[in-house]
Amino acid sequence: MVGLGDNNNPSCQNNISSKAKDKKKNKKKKRGGSKRKMTAEQASAFKSVTEWVYLDRRHHPNSSSTAGLSSWVVDDFGVQKSLGRGMEKMVFELHSHSKHSDGFLSPSKLIERAHGNGVKVLALTDHDTMSGITEAVEAARRFGIKIIPGVEISTIFSPRNPEMEEPVHILAYYSSCGPARYEELDKLLANIREGRYVRAKDIVLKLNKLKLPLKWEHVTKIAGKGVAPGRLHVARAMVEAGYVENLKQAFARYLYDGGPAYSTGSEPLAEEAVQLICETGGLAVLAHPWALKNPIPIIRRLKDAGLHGMEVYRSDGRLAAYNDLADTYNLLKLGGSDYHGRGGHGESELGSVNLPVVVLHDFLKVARPIWCSAIKDILEGYAKEPSDTNLAKIARFTRMGSFKGSSPSSCGKDLIDRCLASWLTAEEQQNDEFEAIRLKLSHATINLSGVQVPIETK
C-alpha cells in the first residue's frame, strides 16, 4: 500500500493519474461493500425470501429452487444479482408515506418511484390511515411489486412520571387481506385522525399567538380533501406563507416535541396500540427509536405488550446502540427510509435502506405465521356466511370490479385463490384448516346482486 507521503515525491508524479483511479476504485469498493458469494445460511434465507416475493409469479427462476443462486452475490448491504452491466437488488421498503397522510406523492406515483429504484416489496405505512392501500396494490400490480398493507400509528407513552411522557410511533404490517378485525383497528385510527384535526387547529392557534398569522384554510388545502392534517402540513403552510425558510426550520423553532407550538391529539397508549395490532393479525414494530428521549423503558414496556421488532437500519447503515437494544429484548431488527417525497438532502430516498437477506428472512419467519392465521380467520368468516359483505372483507384492498363480470359464480373462488396464491406457499395452503374452509365453501352459495349462486371451489 502506498503511503500519503509518496504522492509528494517528484519521482511519483507520472503515476498520479493511475493512483487516482485506484483511489476511486477503493472508494467504490468501500461504498458498495465487498462482493462475495453467499454463505449456506444466506443462500437458505435468500431462497425462502425470494420464494415469498415471487409467489404469484411462479415462473421466476429462483422461486422454487436454488438454481441460479450462483449468479447472485452478497455484499455488506444485502443480496444482488449480476445482470452484466448492472446489479439487480432484492430491496424491501418497509416505511413509506403517501398523500393519504403527510407524503407528497400519490400511492401510484410512490409505487412508480419505488419501481424505478428497484424496490421489490413495499409497505405503505401512512400515518393513522390505510386509505391509500387499494391504489397502491393496483399500481404495484402493473410494476410487479408486492405490497405489504401497513400503517404508522401515532401513540403516547405515558409512564407514572408525567415528565417522561412522549409520543411513540408504531408500525403495523398486515397480510394481503388486511387486519383480521378491521373494524376495531379502523375505529382506533378514526379516533386518532379526529384528534389530529383538533391538534392541528391548536397548533395554528398557538402560532397565531406567537404572531405568525397562519390560516387554518391554508393548512387544510395542503393536506388535501379527507386527509387529517399533521405537523408536516402545518410546516409546509408556514414555508409557503414565508414564516420560515424550510421545513427543518419550522420544526426546529416551533413544531418539535414540546416546542412552543407543539400540541398533542387523542393518541392511544402505545401498549394498547401494540396489543390491538397483535390481536388483529399484524406485526408490531417500533418506528425510529432514535427519536425517543427515553427508549429503554418504552421498549421494555412495549415488549411486554407484544412488540415484535424495532427499526435499527437507516439509509446510513445499522445503528449499533439500537441493534444492541434489539438483541437485549429479542426483537426483530428492521428499518425503512420513512420516505415522504419532500425532496432535499435531508430525506432518505425510497428503497435506500439495505436490509441484509438474513434480516428479511427473520422478518418473514415471524410475520408469515401471523399473517397466515389472520387470512384463515377472514376466510372462515366468509365460509360461515358467504355474502357480498364478507367477500368485500377479503377484497378490502382489491378493486372488486376486476372480479365481477361474465362469471359471477367464480368470483369468490378467484378472489380466494388470488389471496392465497400471492401470500401463502402451497404447503401453507394445504393445511387441515384451509382444507376445512374449502370444504365449507364447496357446499355454500353466495348472494351476488340478489342471486344465489354456488361457489366454485375446484
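**Close-up views of the predicted model**

**View 1. E93 finds its bridge partner in strand 5, at L122.** Strand 4 (residues 91-96) and strand 5 (residues 119-124) run parallel to each other, and four bridges join them; two strands are taken to pair when DSSP finds at least two bridges between them. Six of the six residues of strand 4 are buried, so this strand is largely enclosed by the rest of the structure. Buried denotes a relative accessible area under 20%, exposed one over 50%, and partly exposed anything in between, with a 1.4 Å probe and protein chains only. Strands (E, at least two residues) and helices (H or I, at least four) are DSSP runs numbered from the N terminus. The model is predicted, so local features need pLDDT of at least 70 and side-chain atom pairs count only at pLDDT 80 or more, whereas totals for chains, interfaces and linings use all residues. Residue numbers start from 1 along each chain as its sequence is written, and side-chain values use heavy atoms, with hydrogens and water left out.

**View 2. Helix 5 (residues 182-209) crosses helix 7 (residues 231-241) at roughly 35°, their axes coming within 10 Å.** The axes are lines fitted to C-alpha atoms, for helices over the stretch in contact, and the angles between N-to-C directions run from 0 to 180 degrees. The crossing of helix 5 past helix 7 is right-handed, a term for the near helix being turned clockwise from the far one by less than a right angle, with left-handed being the anticlockwise case. From helix 5, R199, I203 and L207 meet R231, V234 and M238 of helix 7, where contact means heavy atoms within 4.5 Å. The residues of this contact comprise four nonpolar and two charged, with no polar ones; Ala, Val, Leu, Ile, Met, Phe, Trp, Tyr, Cys and Pro count as nonpolar, Asp, Glu, Lys and Arg as charged, and the others, Gly among them, as polar.

**View 3. Helix 9 (residues 270-279) and helix 10 also cross at roughly 35°, with axes that come within 9 Å.** Helix 9 passes helix 10 in the right-handed sense. Helix 9 contributes A270, E271, V274 and Q275 to the contact, while helix 10 contributes R301, L302 and A305. These residues divide into four nonpolar, one polar and two charged.

View 4. Leaving aside residues up to four places away in sequence, I299 touches L286, M310, L325, Y329 and L331. For one of these, L286, the C-alpha atom is separated from that of I299 by 8.0 Å, with the two residues 13 apart along the chain.

**View 5. K211 and N330 are shown in their loops.** K211 is in the loop between helix 5 and helix 6 (216-223), and its phi is near 70°, a positive value in a residue other than glycine. With a relative accessibility of 73%, K211 counts as exposed. N330 is placed in the loop between helix 11 (320-328) and strand 11 (332-335), and its phi, near 55°, is likewise positive in a residue other than glycine. N330 is exposed as well, at a relative accessible area of 63%.
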